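Some labels attached to a structure rest on a cut-off. The questions below ask what stands behind each label.

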Amino acid sequence: MKDLEVRLVQPILTAVKELFNADLNQDQVSFQTTRKEFEGDLTLVVFPFVRFSKKGPEQTAENIGKHLVDNIGFVEKFNVVKGFLNLVISESYWLDTYAKALAADNFGILEATEKDPQIVVEYSSPNTNKPLHLGHVRNNLLGYSVAEIIKASGKRVKKVQIINDRGIHICKSMLAWKLYGDGETPDSTGIKGDHLVGKYYVRFDKEYKKEIAQLLATGMPEEEAKKEAPLLVEAQNMLRAWEAKNTEVVALWQMMNSWVYKGFEATYQQMGVDFDKHYYESETYLLGKKYIESGLEKELFYKKDDGSVWVDLTEEKLDHKLLLRGDGTSVYMTQDIGTAIQRHLDFGFNEMVYTVGNEQDYHFNVLFKILNRLGYTWAKDCYHLSYGMVDLPSGKMKSREGTVVDADDLMQEMISTAKSISEELGKLEGFNEQELNSIYEMIGMGALKYFILKVDPKKRMLFDPSESIDFNGNTGPFIQYTHARICSLQRRASDLKITSSPESKLHLKEKELLKVLLRYPDVIQESAKEYSPAIVANYSYDLVKEYNQFYQQVPIFGTASEQDKAFRIGLSGLVGNVIASAMNLLGITVPERM
RNA sequence: GGCCCCGUAGCUCAACUGGAUAGAGUAUCACACUACGAAUGUGACGGUUGCAGGUUCGAAUCUUGCCGGGGUCACCA
C-alpha cells in the first residue's frame with residue numbers, strides 16, 4: 001500500500017497544480033484504504049484541496065479522479081463519495097505485486113547490512129535475589145519481540161540486559177541462607193537455583209519482621225526499629241564487606257548468583273529469549289562516577305555541604321536529582337549514566353531502547369536529560385519503551401501478599417492446560433509422545449505470548465490465568481491452527497501435483513485477501529517505528545480472519561479450474577508463510593500439524 | 001498536593017495517528033458439518049468513546065476544566 005501511495009503522490013500534486021493552479025506539498029496528501037462497503041482500493045481524502053479548487057468536495061474529487069485515470073496507467077477507474085475519492089487500482093498491479101511477493105525469499109523482511117543503523121535493545125534486567133514473575137514475562141516478550149521486529153525492518157540489533165547482581169537485596173538472601181540454610185543447594189534440594197535464593201529472600205523478610213515486632217514490644221519507635229533490627233544491620237555489614245572484596249562474602253555471593261543464573265537461563269530458554277551481551281551491575285556500578293565528577297568540574301552539577309552531588313533540572317521542569325551520595329558512593333542514576341556511555345563506546349549505537357516498566361518513566365526522563373547535559377548528542381536517540389503493569393483479576397501483584405505469579409509456574413500451567421484442552425478436543429492422533437509434548441509446548445507458549453503481545457505496550461493490561469488460554473477468537477492457538485491447516489492444504493496440493501502459479505484472474509474474495517496479505521511489509525515497518533509488537537500481532541489476526549473467510553467461501557480442490565486451483569494454492573502458501581514469519585517475530589513457533 | 005500515563009460494547013482488546021455508519025473476540029440467542037481440518041464460518045443483540053466546553057469541512061484521537069483508576073515525586077534499585 002505504501003508503495004502505491006508513493007507512486008501516487010507526485011501525480012496527485014501535478015493534478016492539483018494543473019487543475020487548480022495550487023502548489024501543495026506531499027504532507028497535504030492523505031490516503032486511507034478504501035472501506036469494504038465501497039468500490040475501490042485506495043481512497044484519497046480531498047477535503048484539504050477544497051480551499052484551492054474553490055469547488056465543492058464532490059466536484060473537486062471528480063476532477064482529480066478523472067485526471068488520474070487519464071494520466072496513470074494503473075488507476076483504472078474511480079468513484080466519489082462525499083469528499084472521498086475512491087480509486088480502483090488495476091488488476092495487473094495487484095498480480096505483479098503478488099508475483100514479486102511470491103518470488104521473494106522472505107517476503108516483508110529486510111536484511112540489514114553493515115551500513116544500516118545499529119540499535120541496542122535492553123530488556124529483562126532482573127535482580128538476582130528472586131525468580132522472574134509475570135511482570136518480567138511481559139518485559140521479556142516485549143523486548144525480545146521489539147528487537148526481532150526492528151531487525152526485520154532492516155536494522156542491526158544488539159540485545160542486552162543489565163543484571164542487578166549486587167546490592168542490599170542479594171545480601172539479604174545471602175544472610176538468610178547463611179543463618180538458616182543448612183547448606184542447602186539446588187542439587188541437594190532439587191529446587192531451581194533462582195527459586196532457592198528467592199526462598200531465602202522471603203525467609204529474610206519473615207525473620208526481619210519478627211525482630212521488628214520484638215523491638216516494638218520494648219517500646220522502640222517503628223522508624224528506629226526498622227533501621228536497628230540486627231538482621232538488617234548485618235545485611236548492611238555484608239554489603240560493605242562485599243564492597244571491600246571480603247573473600248568469604250564474595251565467594252558466597254558468587255556461589256548464590258551462579259545458582260540464580262542457571263535458573264534464569266532455564267527460564268529464558270523456556271521463554272525463547274536470548275541476549276547478545278550481558279552487563280553486570282557489579283562491574284558497572286562504579287562506571288558513572290567519573291562522568292559525574294567531570295560534570296561537576298564543568299559546573300553542570302553542584303555539590304551540597306554534606307558532599308552529595310546533585311543536578312538541578314528545574315529549567316527542564318523537573319526536579320533536583322541526587323547523583324552521588326554524601327559518602328561519594330553511587331546511586332541508581334549514577335550507574336545508568338555510566339552504563340549508557342559504556343554501551344555507546346561498545347556499540348556506537350544509532351539508537352538505544354530501554355524496555356522498562358512505566359513506574360520508571362520519571363527516571364528515564366531524567367537520565368536522558370542528564371546525558372544530554374553532559375554533551376552526549378546521542379541522548380536524543382535513547383528511547384524508553386515504557387510498558388504498563390500486568391494486573392490480575394484479584395488486583396495488583398504484591399510479593400508481600402503472595403499474589404505474585406511466578407514465570408516458571410505460569411509457563412508450565414499454560415503448557416499443561418494446552419495438553420488437557422487438546423486431549424478433550426480429541427485432536428492430535430498419530431503423534432508420538434515426543435511430538436505431542438512439543439506441540440503442547442508450542443500451543444501453551446503461543447497462547448501466553450500472543451495474549452500478552454497483542455496489547456498495546458503502554459497500556460496497563462489484565463491477565464486472567466483461567467481465560468488466557470482461550471483457543472478461540474483473537475488468540476495464538478487460533479492463528480497456529482490456521483497455519484497448520486494451510487500446511488495440510490499444501491501437502492495435499494503437492495500430492496495432487498498442483499503447483500502454485502500467480503497467473504489468474506482476481507476474483508473479489510481473492511483480491512480482498514491479497515490486499516491484506518500485501519500490507520505485511522508496511523506492518524513490519526510501522527511496528528518497528530512504534531516499538532509495538534501489538535501491530536504485528538493484530539495484523540496477523542486480521543490476515544487469519546480474512547483467510548478463514550476466503551477458505552470457507554472459495555473452493556480450492558473442488559470444481560475450480562486448474563488455473564484457479566494453482567492460484568489459490570499459491571495464495572494460501574504465501575498466507576502461511578506470512579503467518580509463520582509474523583509469529584516468528586513475536587517469538588511464537590507455529591506447528592505444521594496440530 | 002505537583003508531574004506523568006490510562007478511561008472505547010457486560011468482559012478482554014482494535015481503530016492505519018484528524019476522516020466515511022467506532023470495529024473484532026468473548027458472553028447470550030439463532031443458523032451451517034455426506035465438506036480442503038468445525039480449535040471454523042454466517043447472522044442477531046450489544047455504544048452519548050468517563051463528563052462538560054473549545055478548535056474545523058470532520059474529533060475516540062488535538063485543547064481546557066472537572067470525575068474516576070494507576071504510577072511517581074528516596075542518600076532504594
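Q: What share of the residues of chain A counts as buried?
A: In this predicted model, 37% of the 594 residues of chain A count as buried. The chain has 23 helices and 14 strands, and its C-alpha trace spans about 90 × 65 × 45 Å along the principal axes. Of the contacts in chain A with a separation of 6 or more, 74% are between residues 24 or more positions apart.

Q: What makes Ser125 buried or exposed?
A: A residue is buried if 20 or more other C-beta atoms lie within 10 Å of its own. Ser125 has 20 C-beta neighbours inside 10 Å, so Ser125 counts as buried. Its place is the loop between strand E5 (118–122) and helix H5 (134–152).

Q: What is noted about phi in Asn21 and in Ser125?
A: Most residues other than glycine have a negative phi. In Asn21 phi is near 55 degrees, a positive value in a residue other than glycine. Ser125 is also not a glycine, and its phi is positive, near 45 degrees.

Q: How do you know whether Ser420 is buried or exposed?
A: The count for Ser420 is 11 other C-beta atoms within 10 Å. Exposed means 12 or fewer, so Ser420 is exposed. Ser420 belongs to helix H16 (residues 407–425).

Q: What describes the packing of H19 and H23?
A: Two packed helices are described by the angle between their axes and the distance between the axes. For helix H19 (residues 476–495) and helix H23 (residues 562–585), the angle is about 145 degrees and the axes are 9 Å apart. The crossing is left-handed. Among the residues of H19 in this contact are Ile479, Thr482 and His483, while those of H23 include Ile569, Gly576 and Ile579. The contact of H19 with H23 has 10 nonpolar, six polar and no charged residues.

Q: What makes Ile579 buried or exposed?
A: The cut-off for buried is 20 or more other C-beta atoms within 10 Å. Ile579, in helix H23, has 22 and so counts as buried. Leaving out residues up to four places away in sequence, Ile579 touches Ile479, Thr482, His483, Ser540, Leu543, Val544 and Val590. From Ser53, Ile579 is 526 residues apart in sequence and 45 Å apart in space, C-alpha to C-alpha.

Q: How many residues surround RNA strand B, and which are the closest?
A: RNA strand B is surrounded by 75 residues, and the closest are Gly326, Tyr332, Asp456, Gly473 and Ser488. By class, the surface near RNA strand B has 32 nonpolar, 25 polar and 18 charged residues.

Note on methods. Residues are numbered from 1 along each chain as its sequence is written. Chains are lettered from A and ligands numbered from 1 in the order in which they are written. This is a predicted model: local features need pLDDT of at least 70, side-chain atom pairs count only at pLDDT 80 or more; totals for chains, interfaces and linings use all residues. Helices (H or I, at least four residues) and strands (E, at least two) are DSSP runs, numbered from the N terminus. Two residues are in contact if their C-beta atoms, placed from the backbone, lie within 7 Å. Axes are lines fitted to C-alpha atoms, for helices over the stretch in contact, and angles run from 0 to 180 degrees between N-to-C directions. A crossing is left-handed if the near helix is turned anticlockwise from the far one by less than a right angle, and right-handed if clockwise. Ala, Val, Leu, Ile, Met, Phe, Trp, Tyr, Cys and Pro count as nonpolar, Asp, Glu, Lys and Arg as charged, and the others, Gly among them, as polar. A residue is near a molecule or strand if its C-beta atom, placed from the backbone, lies within 6 Å of it.
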